[in-house]
Amino acid sequence: MAGGSVIPQIYSMDLREPVLARVKAGHSRRETARYFSVSHSFVINLVAYSACRGTSQPRRRGGRQWSKLEDYRT
């Protein structure tokens, strides 16, 4: 995919919870990434996000859900 942008993948809670549990059990982030076949940056970011927010739920995706012109439709 030369020159194209990469769309981030959203991993399910079925993967996020075991990843966090393995890191909390004392395994390194890189070892955990290899074990689950995900990038080490995903594991690092997930652990940091979980520590900061207190949840491992993925962030909401998508932008504006309403029309910018809604006020002018009358």
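Predicted model: local features only at pLDDT ≥ 70, side-chain atom pairs only at ≥ 80, totals over all residues.

What follows is a short walk from the overall fold to a few side chains.

**Before you click.** Residues are numbered from 1 along each chain as its sequence is written, and side-chain values use heavy atoms, with hydrogens and water left out.

**Stop one: the whole chain.** Colour by secondary structure and you'll find three helices and zero strands, in the order α-α-α along the sequence. Helices here are DSSP runs (H or I, at least four residues; strands are E, at least two), numbered from the N terminus. Buried residues make up 23% of the 74 residues; buried means under 20% relative accessible area, exposed means over 50%, and partly exposed is in between (1.4 Å probe, protein chains only). Of the contacts between residues at least 6 apart in sequence, 46% join residues at least 24 apart; a contact means heavy atoms within 4.5 Å.

**Stop two: H1 against H3.** Select 13–24 for H1 and 40–53 for H3. How do they pack? The angle between H1 and H3 is about 85°, and their axes are 10 Å apart. Axes are lines fitted to C-alpha atoms, for helices over the stretch in contact, with angles running from 0 to 180 degrees between N-to-C directions. That makes H1 roughly perpendicular to H3 (65 to 115 degrees; under 35 is roughly parallel, over 145 roughly antiparallel, the rest oblique).

**Stop three: Leu20 and Ser50.** Zoom in on this pair, 30 residues apart in sequence and 8.4 Å apart in space, C-alpha to C-alpha. Leu20 counts as buried at 10% relative accessibility, and Ser50 is buried too, at 14%. Leaving aside neighbours within four places in sequence, Leu20 touches Leu46, Val47, Ser50 and Ser56, while Ser50 touches Leu20 and Thr55.

**Stop four: the rings.** Which aromatic rings pair up? There are two aromatic pairs, counted when ring centres of Phe, Tyr or Trp (its six-membered ring) lie within 6.5 Å; planes under 30 degrees apart are stacked, over 60 edge-to-face, and the rest tilted. Tyr11 and Phe42 make a tilted one, at 4.4 Å centre to centre with 55° between the planes. Tyr11 sits in the segment before H1 and Phe42 in H3, so the pair ties together parts 31 residues apart in sequence. Phe42 is buried, at 12%.

Next pick Tyr35 and Phe36, an edge-to-face pair at 4.9 Å centre to centre and 80° between planes. Tyr35 is exposed at 53%, whereas Phe36 is partly exposed at 21%.

**Last stop: Ser37.** Select Ser37 in the loop between H2 (29–36) and H3. Its phi is near 55°, a positive value in a residue other than glycine, and Ser37 counts as exposed at 66%.
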